[in-house]
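Below are some notes for a colleague who has not seen this model before. Please read them with the structure open.

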Amino acid sequence: MTTPSATWLISIVDETGSTNADLLGAAATGAPDRSVLMARHQTAGRGRLNRRWHAPSGANLLVSLLFREVPQHPHQLTQRVAVAAVRACRDVAGVSPNLKWPNDLLLDGRKLAGVLAQAGGTPVQFVVVGIGLNVGWAPEGAAMLGEGYDRVASEQHWERVHSLLRRNL
């Protein structure tokens, strides 16, 4: 894996269909390792088993990360992103979610975030790992970090999350 001090190339967009789909397309045309795409809103977000995922604009952290240095067991990237997200929640919001294999973060037994990894190439040449973290909105029965988080707060928290990613991935 790349050293923690490696550079991340971060792009933020107001709206997209899916950060994972966009970053997979960019990876196929040569986007560099550690490209990151964050969206304020997704119109076609999805999770495991093609489940639709939707949140109001600016309410949650929606981000995908491109890894070209793929370990022998690519699922390790999903685990690394999930562990980094747990650390970020603890450091940024003071909560400690639990990991539920294979791709969920739970807070008090309720879903706080989902992680979705998708590989490209045969053999695998890159992996895109996306995470949707409920910051200021959650569907009924799910958890969120807290009321009063808005787009500005989410972007400020993203800077702290980015710092944790650099140290933990």
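1. A117 has V129 as its bridge partner in β7. Strands β6 (110-120) and β7 (126-133) run antiparallel and are joined by 8 bridges; two strands pair if DSSP finds at least two bridges between them. Helices (H or I, at least four residues) and strands (E, at least two) are DSSP runs, numbered from the N terminus. The two strands form a hairpin with 5 residues between them, and G121 in the turn has a positive phi of about 90°.

2. The model is predicted: local features need pLDDT of at least 70, side-chain atom pairs count only at pLDDT 80 or more, and totals for chains, interfaces and linings use all residues. Residues are numbered from 1 along each chain as its sequence is written, and side-chain values use heavy atoms, with hydrogens and water left out.

3. β7 also pairs with β3, again antiparallel, through 7 bridges. One of the partners in β7 is L133, which bridges to L61.

4. How many residues of β7 are buried? The count is 8 of 8, where buried means under 20% relative accessible area, exposed over 50% and partly exposed in between (1.4 Å probe, protein chains only). One side of the strand carries F126, V128, G130 and G132, the other V127, V129, I131 and L133, and both faces are covered.

5. Helix α1 spans residues 19-28, and T19, N20, L23, L24 and A27 are buried in it. These residues lie on the same side of α1, because they cover an arc of only 130° around the axis; the arc is that of the directions from the helix axis to the C-beta atoms. Their cover includes β1, β2 (35-42), β3, β6 and β7, with contact meaning heavy atoms within 4.5 Å.

6. After the helix comes G30, which has a positive phi near 105°.

7. There is 1 aromatic pair in the structure. Its rings, those of W8 and F67, are edge-to-face because their planes are at 85°, with centres 6.2 Å apart. Rings of Phe, Tyr and Trp (its six-membered ring) pair if their centres lie within 6.5 Å; planes under 30 degrees apart count as stacked, over 60 as edge-to-face and the rest as tilted. W8 is in the segment before β1 (9-16) and F67 in strand β3 (residues 61-67), so the pair ties together parts 59 residues apart in sequence. W8 counts as buried at 8% relative accessibility, and F67 is buried at 1%.
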